[in-house]
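Please read the report below alongside the sequence and the 3D view. It starts with confidence and then turns to the whole chain and two of its residues.

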Amino acid sequence: MKRLIVLAPLALLLSGCSGNWGWYVVDPRTANGLANLKFMATGAYNTILMSLTAILISVVVGLLIALPGLSSKRRYRAINRTYVEVVRAVPILVLILWVYYGLPQLTGLTLNVFWAGVLALAMSDSAFQAEIFRAGIQSISRGQYEAAQSISLNYRDTMRFVILPQAIRRILPALGNQLVYMLKMSSLVSVIGMQELTRKANELVVSEYRPLEIYTILVLEYLVLILIVSAGVRWLERHMKAAD
């Protein structure tokens, strides 16, 4: 039933209900349409690779930023709050442009479009990850810390073996949402020339002059990716609940 709901609009669109539509540019039954679809699909690899790399980096950075926010010392909490508020205040598109054009001038580093996109996406998302981790860790009862202290675990081992495993189970849906967010925001990296899904679609529009049809396929590509990711996150949630 779910497949029917998804495929019915697509079938309606491809049927060519209007003479103004030129679905032939993405019709897999023609050589040109098939070539165009393959051209657009080649951007999926960069979209997925860039999003996964950025989310892995942002999770690590987010956790490191979250830990000072849990400290009883004000100066450590200030580090967390300053980073989170500053990074969240910058629009991600502006951050992408700044990292790609501005950071090399400040540091002397040469960044290609892939790593500039990854760095900007990871930096932006890490502020949200920090808040997710902070809330997840704070949701663990004080008794868990006391139990860890009773068996002489230090702070590092307490976090590693007791607190974080429980916190990750609780924040998994939020982490899944951030991965979906990352997939969608990766489209903005097309502005600096990254050959991902959106950039491929833009290039095809320039050559075929059929934005409606091509961007419709782009929407469907992102829809499929996000549905797959959402299904994977739900499966992981069920698996972790079963493990409990």
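Where pLDDT is low, the predicted coordinates should not be read in detail. Over the protein, the mean pLDDT is 88, and 91% of the residues reach 70 or more. Because the model is predicted, local features need pLDDT of at least 70 and side-chain atom pairs count only at pLDDT 80 or more, while totals for chains, interfaces and linings use all residues. Residues are numbered from 1 along each chain as its sequence is written, and side-chain values use heavy atoms, with hydrogens and water left out.

The protein has 10 helices and zero strands. Both kinds of element are DSSP runs numbered from the N terminus: helices are H or I with at least four residues, and strands are E with at least two. The C-alpha atoms fill a box of roughly 75 × 50 × 25 Å along the principal axes. Of the 244 residues, 39% are buried, where buried means under 20% relative accessible area, exposed over 50%, and partly exposed in between (1.4 Å probe, protein chains only). Among contacts between residues at least 6 apart in sequence, 73% join residues at least 24 apart; a contact means heavy atoms within 4.5 Å.

| Residue | Helix | Contacts beyond four places in sequence |
|---|---|---|
| Isoleucine 65 | helix 3 (residues 43–69) | Asn80, Tyr83, Val84 and Ala130 |
| Arginine 134 | helix 6 (residues 113–138) | Ala66, Gly69, Leu70, Asn80 and Arg81 |

Is isoleucine 65 buried or exposed? Isoleucine 65 counts as buried because its relative accessible area is 15%. Isoleucine 65 and methionine 194 are 129 residues apart in sequence, and their C-alpha atoms are 29 Å apart in space.

The side chain of arginine 134 makes a polar contact with the side chain of glutamate 131, at 2.9 Å. A polar contact is a pair of N or O atoms within 3.5 Å; within protein, one must be able to donate a hydrogen and the other to accept it, and residues adjacent in sequence count only if both atoms are side-chain atoms.

Note on methods:
pLDDT is the predictor's confidence in each residue, from 0 to 100.
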